[in-house]
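Subject: Structure for you to look over

Hello,

Here is the structure I promised.

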There are 2 protein chains.
Amino acid sequence: MPSIDVCYSPELLHLYELQGKAVVAVDILRATSTMVTAFAQGARDIVPVMELEECRTYAAKGCLTAAERDGVKAEGFDLGNSPFGYMQGQVEGRTVAITTTNGTRAIRMSEAAAEIVVGAFLNLQAVADHLARLQLDVLVVCAGWKGKFNLEDTLFAGALVERLQDRFAFENDATLASLYLYQTAKADLLSFLRQSSHVRRLERLEIHKDIGFCLQHDLYQVLPVWKHDRLVDLCVMSSECRMSD
Amino acid sequence: MPSIDVCYSPELLHLYELQGKAVVAVDILRATSTMVTAFAQGARDIVPVMELEECRTYAAKGCLTAAERDGVKAEGFDLGNSPFGYMQGQVEGRTVAITTTNGTRAIRMSEAAAEIVVGAFLNLQAVADHLARLQLDVLVVCAGWKGKFNLEDTLFAGALVERLQDRFAFENDATLASLYLYQTAKADLLSFLRQSSHVRRLERLEIHKDIGFCLQHDLYQVLPVWKHDRLVDLCVMSSECRMSD
């Protein structure tokens with residue numbers, strides 16, 4: 001039986017073996033939730049990059065550019081990091097180059113893995129179904145907050161473990177803790193998260209609506225995976241998602 | 001109101017400011033539980049060192065030497081890392097030089113802090129009382145398991161937060177998660193921990209008895225603090241502990 005483990009921060013990633021594993025990269029507030037939304041709105045592919053300057057160069061290649069720093073849309077880019085900014089048809093058929101504080105890092109640091117899937121509550125079941133088919137050992141890589149543990153990514157990890165618990169071994173401490181926390185919180189994730197100073201800081205940036213949106217489970221049948229140098233939606237690229245419907 | 005925060009691994013310690021803070025170093029299974037026990041059994045002071053070879057040199061200085069690697073007593077040392085090994089009068093009035101896999105590291109990496117206290121369930125209330133008097137911001141530094149998150153140190157952090165919650169601000173995600181996990185687990189800590197592969201690995205080393213012992217709350221009125229280059233018991237050095245009785 002394959003196993004599922006959880007890494008709470010990119011700062012801990014060097015302690016984990018990535019080769020041959022399926023990594024689920026997660027940054028619930030808001031990078032991976034926004035990427036999932038972009039694909040649901042028809043984006044062709046997404047290029048996650050580490051630096052603002054690199055991201056800016058993609059405009060000349062005909063791409064949309066998206067950037068966020070410290071929770072706010074960066075100056076001079078087409079898009080920010082709010083999923084609602086991707087819903088007016090502007091991303092359909094387009095390539096989006098995106099750089100975010102924590103989420104991009106979690107993806108790019110996981111490139112040694114056999115597969116990288118982008119996870120969010122919004123596409124939780126699509127991710128769970130894909131992992132169950134793959135039958136690889138899974139490592140959930142939480143983006144965290146500036147390298148530190150955060151609750152919302154941990155709760156996503158717990159939700160994924162709950163859905164996979166009959167088909168995966170889970171006995172590492174971080175995996176168990178994620179599951180327990182999710183089981184404590186799931187009746188009202190938003191109230192649970194509102195105790196967090198980090199989430200309250202995001203709320204002060206007036207993204208209440210985003211937070212509620214990003215906590216919705218299974219809104220989209222979307223499966224962003226890393227191919228060569230970018231993310232593509234496996235549900236569009238293959239018949240895989242339709243097979244599981 | 002001072003704050004209390006939790007760092008889940010020495011690998012994350014560079015993300016935290018230590019200056020002016022009180023650090024609580026914790027390695028429940030078993031370094032800090034054993035250090036607390038050694039003081040309760042009359043040890044004069046404890047020198048935590050990083051390497052086996054350095055530890056060995058303390059024998060020539062008339063010290064007892066204690067060493068553990070991967071859960072087992074290391075060859076050629078007087079003592080291991082089981083609290084029961086310290087209960088036959090051998091440590092009374094002696095200096096003990098000790099090196100352990102994770103716990104020593106958590107202490108030595110925290111030297112920039114204003115105060116370092118060694119915490120365990122065994123001296124939980126003594127630590128809580130001391131921190132309440134100090135009125136400094138607190139950082140609990142979990143030793144973890146080879147750099148990774150572990151449950152038992154996190155549960156200790158949660159127990160400490162529970163006892164200090166009326167007098168300290170706690171709103172960081174790691175602090176909240178520790179408290180929730182402790183509240184879920186506290187009715188039966190041992191059963192809770194037995195789901196952990198890391199704890200089961202320790203159990204296979206036949207230290208069942210140690211694990212049960214280390215989970216007892218408030219057995220000792222002992223307060224190991226870092227002074228210059230070693231740990232001393234503040235309850236012996238001052239009238240502080242007696243004042244709180």
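A nonpolar core here is a set of buried Ala, Val, Leu, Ile, Met, Phe, Trp, Tyr and Cys residues joined through C-beta atoms within 7 Å. Buried means 20 or more other C-beta atoms within 10 Å of the residue's own, exposed means 12 or fewer, and partly exposed is in between, with C-beta atoms placed from the backbone. The largest such core has 182 residues. Those with the most contacts inside it include A:Val24, A:Val96 and B:Val24.

Some ground rules. The model is predicted: local features need pLDDT of at least 70, side-chain atom pairs count only at pLDDT 80 or more, and totals for chains, interfaces and linings use all residues. Residues are numbered from 1 along each chain as its sequence is written, while chains are lettered from A and ligands numbered from 1 in the order in which they are written.

**Interface.** Contact means C-beta atoms, placed from the backbone, within 7 Å. By that rule 24 residues of chain B are in contact with 24 residues of chain A. H6(B) gives the most to chain B's side, with seven residues. Helices (H or I, at least four residues) and strands (E, at least two) are DSSP runs numbered from the N terminus. 100% of the interface residues of chain B are also interface residues in chain A, so the copies meet through the same surface.

**Helix H5(B).** Eleven of its 14 residues are buried. Among them are B:Glu152, B:Asp153 and B:Leu160. B:Leu160 is also in contact with B:Val24.

The peptide bond from A:Leu29 to A:Arg30 is cis, with omega about 5°. B:Leu29 and B:Arg30 are joined by a cis bond too, omega near 5°. B:Arg30 sits in the loop between strand S2 (22-26) and helix H1 (31-40) of chain B.

Two non-glycine residues have positive phi: A:His228 at about 60°, and B:Lys146 near 50°. A:His228 counts as exposed, with 5 C-beta neighbours inside 10 Å. B:Lys146 is partly exposed, with 13 other C-beta atoms within 10 Å.

Best wishes

Technical notes. Two residues are in contact if their C-beta atoms, placed from the backbone, lie within 7 Å. Lists of a residue's contacts leave out its neighbours within four places in sequence.
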